[in-house]
Amino acid sequence: VFLFFCCFLRGSAMDDDEGAAFVRKQYEDAKYALVVEWFEKNHFYEAYLLCGLQREVAGLLSAEHEHPLRVVDVGTGSGKLIEKVWQWSREGERRRAVSLVGLDMSPEMLASAKQHCAHVPDVRWESWNALEAPPRELAASAELVVASNVLCHVHTVASLRKFFAHARQLLADTPTALFAAVLPPTPHAEGELAKVHLPFVDGSGTVQHCELWDCSWEQGTLAAAAQEAGFSAVSFEACKARPPFSETPMYAAMEGFGAFHTMFCRL
């Protein structure tokens, strides 16, 4: 899921069902596919966004372990993060295989992910709304659960609590278990549903926009929801590197809205 904020308009709060329907409808916007395509071509998922996540995955992959590293990607979108974890598992002197699971509530996104990751072996794809209990066969199965730009689609504090509780249920009770969420900038008031303009560059080099509705959350609110779900150690790390596309018209459209962060939650 890719979100940048260029302007916003206030909107009313939604309940869980309304929020899920809203997100699903937004995924179906034809412009959204162009946004995803542009970011993939310009290496959006490099150090700029992933910052400390690659370091944490490298540590898990380097450890001596008899079982593969099970990674569950919640809100997998185009599957790009699944692909990156698989690529990282093939770099350097890795000692562990990976077992990859991509979850998304949108059939359109899952179809895109399957196509994008056709070269990645043995990925399990599942349709799942993160505000519902996880599939029984996935409960307590993962050493790493990741969610990139997903929490901005969660519209109420009650939904945040559900999200973190379900992320916790996906994790196995191991000392190395980790939940990591990539968080976009938060330019509008906490908990405020806002219309955002998602920029992308079309084939002619012109910056265009895809309209979406989104929600901001402050770190303290996220940490409280995570701790209530059973995570004992919560930290945030800013992504300070310049993106690979920093010399493009896109970067000018993005500046001024703050840094991305990665949230790390441990048991």
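Guide: Let's start with glycine 92, which counts as exposed at 72% relative accessibility; exposed means over 50% relative accessible area, buried under 20%, and partly exposed in between, with a 1.4 Å probe and protein chains only. Please keep in mind that this is a predicted model, in which local features need pLDDT of at least 70 and side-chain atom pairs count only at pLDDT 80 or more, while totals for chains, interfaces and linings use all residues. Residues are numbered from 1 along each chain as its sequence is written, and side-chain values use heavy atoms, leaving out hydrogens and water.

Glycine 92 sits in the loop between H5 and S2. These labels are DSSP runs numbered from the N terminus: helices (H or I) have at least four residues and strands (E) at least two. Along the chain, glycine 92 and alanine 58 are 34 residues apart, and their C-alpha atoms are separated by 9.6 Å.

From S1 the chain crosses through helix H5 (residues 80-89) to S2, a right-handed β-α-β crossover. Right-handed here means that, with the strands pointing away from the viewer, the path from the first strand over the helix to the second runs clockwise. S1 and S2 run parallel, joined by six bridges, and strands count as paired if DSSP finds at least two bridges between them. In this pairing, arginine 70 stands opposite serine 99 in S2. S1 also pairs with S4, again in the parallel sense, over three bridges, and there valine 71 stands opposite leucine 144. Of the six residues in S1, five are buried, which leaves the strand mostly covered.

Step back, and these strands belong to an open sheet of seven, in the order S3-S2-S1-S4-S5-S9-S8, with mixed pairing. Strand S3 (123-127) and strand S8 (233-238) each have a single partner strand and stand at the edges, so one side of each has no neighbour in the sheet. Neighbouring strands are turned by 20 degrees against each other on average, direction ignored. Helix H6 (residues 107-116) packs on this sheet, where it touches S2 and S3, and its direction makes about 170 degrees with that of S3. Such angles run from 0 to 180 degrees between N-to-C directions, with axes fitted to C-alpha atoms, for helices over the stretch in contact; contact means heavy atoms within 4.5 Å.

S1 leads us inside as well. A nonpolar core is a set of buried Ala, Val, Leu, Ile, Met, Phe, Trp, Tyr and Cys residues joined through side-chain atoms within 4.5 Å. The largest one holds 33 residues, and Val74, Leu151, Phe163, Phe164 and Phe179 touch the most other members. Among the elements that give two or more residues to this core are strand S1 (69-74), strand S2 (98-104) and helix H7 (157-170). H7 provides the largest share, five residues. Setting aside residues up to four places away in sequence, phenylalanine 163 touches several residues, including Val74, Ala147, Leu151 and Phe179. There is also a second, separate core of 23 residues, with Leu61, Leu81, Ile82 and Val120 among its members.

Most residues other than glycine have a negative phi. Alanine 140, in the loop between S3 and S4, has a positive phi near 55 degrees and counts as partly exposed at 47% relative accessibility. Asparagine 149 also has a positive phi, about 55 degrees, and lies in the loop between S4 and H7. Asparagine 149 is buried, though, with a relative accessible area of 0%.

What about the cysteines? Cysteine 117 counts as buried at 4% relative accessibility, and cysteine 152 likewise counts as buried at 4%. A disulfide is a pair of cysteine sulfur atoms within 2.5 Å, and the count by this rule is zero.

Finally, here is the whole chain around our starting spot. The chain has nine helices and nine strands, and 52% of its 267 residues count as buried. Among contacts between residues at least 6 apart in sequence, 80% join residues at least 24 apart.
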